[in-house]
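Please find below some notes for a colleague who has not seen this structure before. They are meant to be read with the structure open.

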Amino acid sequence: MIYIKMYRFLFVLFLVGITACPNTKKEGKQLQKDINNELVIGIENAPANLDPRFATDAYAIRIGKLIFPGLVTLDENFKPKPLIAEKIETLNDTTYMITLKKGVRFHDGQELTASDVEYTFKSIMDPELKSPHASGFQKINKIEVLDPYTLKITLNEPFAPFEEQILVFGIIPKHVAENLKDKFNTNPIGAGAFKFEKQLDGGDVYLVKNTNYFETPPHIDRLIFKVIPDVTVRMLELLKGSIDLTQNALPQTLLERFKNSDKVNVMYSPSASLTYIGFNLNDPMLKNSKVRKAIAYAINREDIIKYKFEGHATLARGALGPINWAYEPNVSTYEHNVEKAKKLLDEAGYKDPDGDGPKARFELVFKTSTEKERIDIAKIYIDNLKNVGIQLSLRTHEWGVFFTDIQEGNFHLFSLKWPFVAYPDFLYYIFHTKSFPPNGANRGRYTNAEVDKLLDQSRKELDRGKQKEIFSKLQNILADELPYIFLWHEENNAVVNKRVKNYTLSASGDFQSLINSSISE
Amino acid sequence: MFHYILRRLMLMIPILLGVSTLVFFIIHLVPGDPVDILLGETALDVNKQVLRQALHLDKPIFVQYGYYVWNLIHGDLGTSLVTNKPVLPTILSRYPATLQLSIAAMIIAMLIALPLGVLAAVKKYSIVDNVSMFVSLLGVSMPNFWLGPLLIIFFSIHLDWLPVSGRGTISHMILPSVTLGAALASILTRMTRSSLLEVITNDYVRTARAKGMRESRVIFKHALMNALIPIITVLGLQFGVLLAGSIITESIFSWPGIGREIVQALQRRDYPMVQGCVLFISFTYVVVNLLTDIMYSIIDPRIRLG
């Protein structure tokens with residue numbers, strides 16, 4: 001009889017399993033009462049914290065922008081343009097008068113006023129809140145609310161990128177955030193085109209349209225950001241049609257699968273990303289700019305773009321891409337040239353001990369993460385550098401370990417990608433002497449008095465034309481000195497189900513165009 | 001029996017304390033500063049300092065351990081460094097999903113393994129036996145990260161029968177539980193076969209046949225019942241493997257369980273979340289082992305616990 005008992009036991013277990021299964025079908029039906037159309041977007045990982053004061057991961061920031069609009073937003077060339085702000089007047093080098101649009105309402109119906117802006121900024125500046133964005137707000141000296149729609153912000157010193165770095169932050173409602181305190185991220189309320197509906201245990205985020213949005217309300221009733229950690233499964237979900245969109249969530253090699261698909265379109269757009277190789281400039285060999293230039297000449301970026309990215313990347317001439325308003329195209333460039341690389345190495349005093357024989361001139365260690373795409377490209381660097389007599393040893397580390405090494409300067413060379421080099425002041429963050437970690441991301445410890453001077457100037461110069469001149473000079477110096485090898489600007493990519501209409505892929509890679517998109521059934 | 005269970009339950013305390021101690025020190029040995037990962041590079045030093053103090057990360061590791069154990073015995077697993085939400089409710093909301101997947105995988109494994117193993121033993125060296133053994137070899141050789149996508153391509157894309165990923169209806173559960181249970185099914189099939197072959201030649205089986213008992217009754221009542229002890233031992237031990245295996249399976253199928261949470265927490269150096277998740281997995285493992293021992297006495301009355 002024991003086997004009968006056994007199967008009875010299994011049956012009971014099975015029933016328990018089924019009962020434990022949440023009846024989302026029923027739940028889904030209830031949710032769908034007033035929902036005509038919804039769009040499912042596949043994302044790689046769960047947004048950790050949607051509160052804009054804490055959002056640091058890409059998805060939290062991008063989804064957050066749909067819930068929390070800022071006073072300004074960035075246009076296609078990354079110049080600021082008013083959004084919640086009606087106008088921004090510069091009274092002097094350090095004082096800004098901001099007038100808000102009337103009738104902008106939070107999702108709970110309360111009007112957004114200057115007090116909410118003041119509260120948002122002051123809470124970010126409050127050390128008790130521990131906002132990761134506090135450093136940028138240290139530039140603010142005083143915030144004065146003049147009336148419900150006007151506020152005056154005074155800075156400690158001139159700070160040209162004030163609008164694109166500070167005023168872009170999403171505004172939160174004072175009356176809600178004050179009450180909820182650190183629970184605000186579980187029930188975020190903004191004034192954006194979409195309202196937060198819920199976040200599932202697995203991290204999936206549900207947003208519904210805000211019919212009272214102060215600009216044209218969205219056409220899509222609901223957006224579901226579904227977390228799919230596995231890259232192959234994201235691709236399969238698209239093929240099946242159970243998700244409608246992925247943005248920069250699939251590598252080029254997998255995008256090839258969709259080329260002749262009758263279900264989805266693959267779209268590309270220029271991006272503000274920068275892939276680069278960083279040098280440790282404390283290393284006696286890499287201190288020598290001839291060695292750095294030789295490495296730049298040795299790497300065959302043209303072929304990597306052609307074969308690894310199928311042409312969907314642009315050769316970088318500097319940190320800023322061609323779509324940036326401050327981009328300078330007339331700088332030194334480093335097209336693949338093995339002979340030039342060898343000559344530079346000879347001049348630097350690193351002669352090849354046995355000509356084209358197996359012995360290397362010297363050995364360098366190249367660090368990267370365990371991401372497959374990065375490892376594949378690193379293998380090409382190894383081969384490229386071998387051709388000029390440099391032995392490159394590859395070390396791959398799990399992200400946390402890799403990142404710690406990079407921050408501590410524990411590397412010869414490494415490769416990473418900046419996903420969003422939109423405002424040119426970013427150069428301050430990666431090349432100014434004051435930006436050595438932990439104060440910034442000058443990880444190679446690059447220092448140049450002229451560069452520091454120009455970067456300081458760029459922050460004080462409020463005239464865009466003069467700013468552009470300063471940034472041109474800076475880009476020229478950086479292209480000559482090569483603290484980085486500026487590799488390429490990878491294009492944004494999106495795979496979109498054909499039922500989605502009016503979707504455009506923005507240069508910033510955000511989800512803003514979903515506000516104007518619609519679904520045809 | 002009652003005293004035995006009570007003693008075993010009491011023994012769980014030092015075991016879980018040992019596990020939590022090991023996990024605490026191992027996770028703190030891994031390079032990578034959670035404050036850097038949490039606040040990002042752009043954060044102010046002063047903010048990093050405030051956060052370090054708030055999380056006691058500025059204190060010596062043994063002091064940190066003291067805080068951890070003190071909170072632990074008060075039922076507080078801490079707050080996630082990433083989401084700023086308490087760890088315990090997060091785990092409790094994820095735990096049923098992992099448990100559900102593991103139990104479903106175990107059931108599927110048993111439903112496949114028991115009949116297949118019995119058939120292979122009864123029809124020893126026949127084509128049925130060879131096919132069963134080949135299938136079980138295949139099952140144990142296929143890694144989850146390969147089998148999962150393969151099943152999705154076939155059943156979700158080509159046949160369009162089942163959803164690709166996610167948790168919701170019973171249909172969502174089929175592919176992940178088959179993926180997770182495939183290896184266990186193979187091990188159990190082989191174990192059932194060999195265990196049954198061992199008892200099938202015993203005198204009492206011959207006696208049962210001599211009495212004129214039906215063959216199915218001989219096998220299921222006399223032989224299989226006595227062959228179950230090693231099978232249940234393996235099943236209990238393998239439940240831990242299922243929990244560990246769920247880390248990969250949950251990531252493939254976007255299953256919102258503890259496995260997926262632990263991967264994310266490890267990448268983000270979310271110490272309290274990793275510690276909490278491992279503690280829960282260990283707790284489950286210990287409980288399943290206890291249940292396995294209790295099952296012995298139910299299946300074989302000759303075994304007395306205590």
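This is a predicted model: local features need pLDDT of at least 70, side-chain atom pairs count only at pLDDT 80 or more; totals for chains, interfaces and linings use all residues.

1. Chain A is split into three parts: domain 1 (1–65 + 187–269 + 493–521), domain 2 (69–171) and domain 3 (274–490).

2. In chain B, helix α8 (residues 170–200) and helix α10 (residues 215–252) have axes that come within 9 Å and cross at roughly 160°. An angle over 145 degrees counts as roughly antiparallel, so α8(B) and α10(B) are described that way. The crossing of α8(B) with α10(B) is right-handed. The contact between α8(B) and α10(B) consists of 17 nonpolar and 8 polar residues, with no charged ones.

3. Helix α1 (residues 2–29) and helix α12 (residues 271–299) of chain B also have axes that come within 9 Å, crossing at roughly 150°. α1(B) and α12(B) are therefore roughly antiparallel, and their crossing is right-handed.

4. Which residues of α1(B) and α12(B) meet? From α1(B) they include R8(B), M12(B), I15(B), L16(B) and F24(B), and from α12(B) they include Y271(B), V274(B), Q275(B), F283(B) and L290(B). By class, the contact of α1(B) with α12(B) has 14 nonpolar, 3 polar and 1 charged residues.

Definitions and conventions
Residues are numbered from 1 along each chain as its sequence is written. Chains are lettered from A and ligands numbered from 1 in the order in which they are written. Domain bounds come from an automatic or database domain assignment. Axes are lines fitted to C-alpha atoms, for helices over the stretch in contact, and angles run from 0 to 180 degrees between N-to-C directions. Helices (H or I, at least four residues) and strands (E, at least two) are DSSP runs, numbered from the N terminus. Angles under 35 degrees count as roughly parallel, over 145 as roughly antiparallel, 65 to 115 as roughly perpendicular and the rest as oblique. A crossing is left-handed if the near helix is turned anticlockwise from the far one by less than a right angle, and right-handed if clockwise. Ala, Val, Leu, Ile, Met, Phe, Trp, Tyr, Cys and Pro count as nonpolar, Asp, Glu, Lys and Arg as charged, and the others, Gly among them, as polar. Two residues are in contact if their C-beta atoms, placed from the backbone, lie within 7 Å.
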